[in-house]
Amino acid sequence: MLPSETMYPYTAKEARERGELELWRANFRTNCACAGAIELAIRKGFDGMHLWTDCAKSVIDQYGYKRVGFVLANTLQEQSYDGRYHENNKKWSRTIFIPEDGGHRHTFLINSHPAVLDGFVSEYRAELAKLHLFGAEHCEPNSGEQDFTGRVLILSPDTLRESCWQPENQLWLALSGFGCQPHARGRSVLCTCLGDGETTRWNRSEFVGIIRDECIPDWAAEKLAELQHGIHEMTM
């Protein structure tokens, strides 16, 4: 059984090939339950004019940011033709990859009024923004084509457990590894976390990109200077 915030990443066809069909089924059932929970929260929380303040948060607390975002994005992508969804919310939905899965994604569409659901999506995004996570908007242009060596990288939140969704866990100084080069066969990047100083290896694809200098917070700049000083002394 999967915890509610743990997303199974494969389609039914892939799960069958991997011998993991029960994991897929558990994930699918939880997606459907999450969609139902959103519908129920909207029915309870909509007074005819407004949603109550913690409407989205109540479902996030039960199912997690990843799953709630996945289920919401699935509905907006499938109903992208509907002008009652704000364009910013539709644009956000397109940032979440939802694989075609033999028609199963239609089963967990949210059957709430689009205009009200649009407000729920906005509240969900506002709750997500409170985490102050780093994303693509904080990265240098064309980061994927650059050498990562010696640069501060943003680790994708999707790589982390939701309990670790803090900015301090996202910023890493790339030290070495074939994955630092954009077109190298090796993908491994050895790097140090600016939050707690842990050194480990990640795959290049697990990073969003190189953070822009002006987006580096003071706490990270201090740790970066400390690490760079230590590296300089080691090479002298």
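Is Asn142 buried or exposed, and at what relative accessibility?

1. Asn142 counts as exposed, because its relative accessibility is 61%. The model under review is predicted. In this model Asn142 lies in the loop between α6 and β1 and has a positive phi of about 55°, although it is not a glycine.

2. His132 is likewise found in the loop between α6 and β1 (152–155). The residue is not a glycine, yet its phi is positive, at about 55°. With 58% relative accessibility, His132 counts as exposed.

3. Helix α6 covers residues 114–129, 16 residues in total, and reaches 22 Å from its first C-alpha to its last, close to the 22 Å expected at 1.5 Å a residue. Its buried residues include Pro114, Leu117, Phe120 and Tyr124. The buried residues of α6 pack against α2 (21–45), α3 (55–63), α4 (65–78) and α5 (87–93).

4. The count of aromatic pairs comes to 9. One of them joins Tyr8 and Tyr10 edge-to-face, at 5.5 Å centre to centre with 70° between the planes. Tyr8 counts as buried at 9% relative accessibility, whereas Tyr10 is partly exposed, with a relative accessible area of 30%.

5. Trp24 and Phe28 form a stacked pair, 5.1 Å centre to centre and with 5° between the planes. These two residues are separated by about one helical turn, because they are 4 residues apart in helix α2. Trp24 is buried at 9% relative accessibility, and Phe28 is buried at 17%. Ring pairs link Trp24 and Phe28 with Phe70 and Phe108 into a cluster.

6. Arg204 lies over the face of Phe148, at 3.7 Å from the ring centre.

Terms used. Residues are numbered from 1 along each chain as its sequence is written. This is a predicted model: local features need pLDDT of at least 70, side-chain atom pairs count only at pLDDT 80 or more; totals for chains, interfaces and linings use all residues. Side-chain values use heavy atoms; hydrogens and water are left out. The expected span of a helix is 1.5 Å times one less than its number of residues. Buried means under 20% relative accessible area, exposed over 50%, partly exposed in between (1.4 Å probe, protein chains only). Contact means heavy atoms within 4.5 Å. Rings of Phe, Tyr and Trp (its six-membered ring) pair if their centres lie within 6.5 Å; planes under 30 degrees apart count as stacked, over 60 as edge-to-face and the rest as tilted. A charge sits over a ring if NZ of Lys or CZ of Arg is within 6 Å of the ring centre and within 35 degrees of the ring normal.
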